[in-house]
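Student: I'm new to this one. Can we go through it together, one question at a time?

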Amino acid sequence: MARFRQSFLVRHVFGWVARLLALASLLALAARACPAWLSSIPYLPDLAALTPWFILLGLLALLLALMSSRWFTALVLIAALALNVYWQYPFYQEGHELNGQADQLAALEHPDRYDDVARVMTLNVYKGQADADQVVKTVGDNRVEVLALQEVSKDFVDRLHKAGIDRYLPHEQLSTSSKEYANGLWTAAPMQSPSKDDVGSRSSMMPAASIDFGRGKTSVRFVSVHTTSPQPGSWNAWRRSVSDLGKLRNHEHTRYVLMGDFNATYDHAVFRDMLGERFSDGARQAGHGMSMTWPADRAPLPRLAAIDHVVVDRDIRANQLQAVPIAGSDHAALLATVMVE
């Protein structure tokens, strides 16, 4: 009798835990499905950002539901898991591979600035606290031709130059709307039409410059992106700052690559709306994972959210995405190879 009671109690507990986890999974899916105009509901952006992780939570809940014979809960969980997998699957589906020549050109010791291919990198340097020497080493080791940095301080820029960034990327454009931190671009090729701000966002000034990729035939405009963080008191500002980037879709005669800290994942409706039919998230296009970049300073905990992106225009391909931890920053650097078609 005692053993029967113990078994009944365990099944009862498992059943309730399964129900609670199922409820959490459904809330996360609801947050992901919310339209952009509702996405600034407090804490909803945080929940939506964790949507991929609810696949693991859902699997645990499903196991507990089956063990406790909660069949209705199990059916709900199966449906929720199927929907979540459907949403996340494109990140792991075979993407558009770059051609073999592009791979060879990106791997050259001294990259050709006019070959329609470039290795690019973005990093939020966490209020200038990132290791500038490691940033420069990562640039050199990966033959980066365009670098976008966010939350740059004057001291960090000095350290960056001292570490030798000019050997690889001698051209620089910085802009700031505050006295403390700036966003910046560094390039190997000379900048054309550099701008302190191409977006006119209410969050921060986002510098931009055009780079000649094909000896006068192919020009690509790079923008260093940094939107407002979704925090208490800033939910609406966050939504508006991500939406502001969508205005660039109206510039029909300019090819864009947007790189930086978007403070949003593909599971946020406002980010998907910003992309529209024109722009593509490089990680989703590449099809080899979500490239989680934040938080990168809480080891042994994993990085939980893919809020840094390389967003490309309709006639540009991105592949070979890689997240690289940089000491001192709460973000990992995101690297990608882009090719103009």
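Student: Which strand does Q173 lie in?

Tutor: A word on ground rules: this is a predicted model, where local features need pLDDT of at least 70, side-chain atom pairs count only at pLDDT 80 or more, and totals for chains, interfaces and linings use all residues. Residues are numbered from 1 along each chain as its sequence is written, and side-chain values use heavy atoms, with hydrogens and water left out. Helices (H or I, at least four residues) and strands (E, at least two) are DSSP runs, numbered from the N terminus. Residues 171-175 make up the strand that holds Q173, and that strand is β3.

Student: Is Q173 buried or exposed?

Tutor: We call a residue buried under 20% relative accessible area, exposed over 50%, and partly exposed in between (1.4 Å probe, protein chains only). Contacts (heavy atoms within 4.5 Å) link Q173 to residues including N183, L185, M191 and P207, leaving aside those up to four places away in sequence. Its relative accessibility is 13%, so Q173 is buried.

Student: How far apart are the C-alpha atoms of Q173 and I211?

Tutor: Along the chain, 38 residues separate Q173 and I211.

Student: Let's turn to β1. How many residues of β1 are buried?

Tutor: In a regular strand the side chains alternate between the two faces of the sheet. For β1, V117, R119, M121 and L123 are buried on one side, and A118, V120, T122 and N124 are buried on the other. The strand (residues 117-124) is largely enclosed by the rest of the structure, because the buried count is eight of the eight residues.

Student: Which residue in β12 stands opposite R119?

Tutor: Strands of a sheet pair through backbone hydrogen bonds, either parallel or antiparallel. β1 pairs with β12 (residues 332-340) in the antiparallel sense over six bridges. Opposite R119 is T337.

Student: What kind of unit do β1, α6 and β2 make?

Tutor: β1 and β2 (residues 144-152) pair in the parallel sense over six bridges, with N124 opposite Q150 of β2. A crossover is right-handed if, with the strands pointing away from the viewer, the path from the first strand over the helix to the second runs clockwise. With helix α6 (residues 132-141) included, β1 and β2 make a right-handed β-α-β unit.

Student: How many residues apart in sequence are the parts tied together by D313 and R278?

Tutor: Their side chains meet in a salt bridge of 2.8 Å, N to O. D313 is in the loop between β10 (308-312) and β11 (316-325), and R278 is in the loop between α10 (269-275) and β9, so the pair ties together parts whose separation in sequence is 35 residues.

Student: Are D313 and R278 buried or exposed?

Tutor: D313 has a relative accessible area of 2%. R278 has 5%. D313 and R278 are therefore both buried.

Student: How many salt bridges does the structure hold?

Tutor: The pair D297 and R298 also meets in one, at 4.0 Å, N to O. For the structure, the count of salt bridges is eleven.

Methods. Two strands pair if DSSP finds at least two bridges between them.
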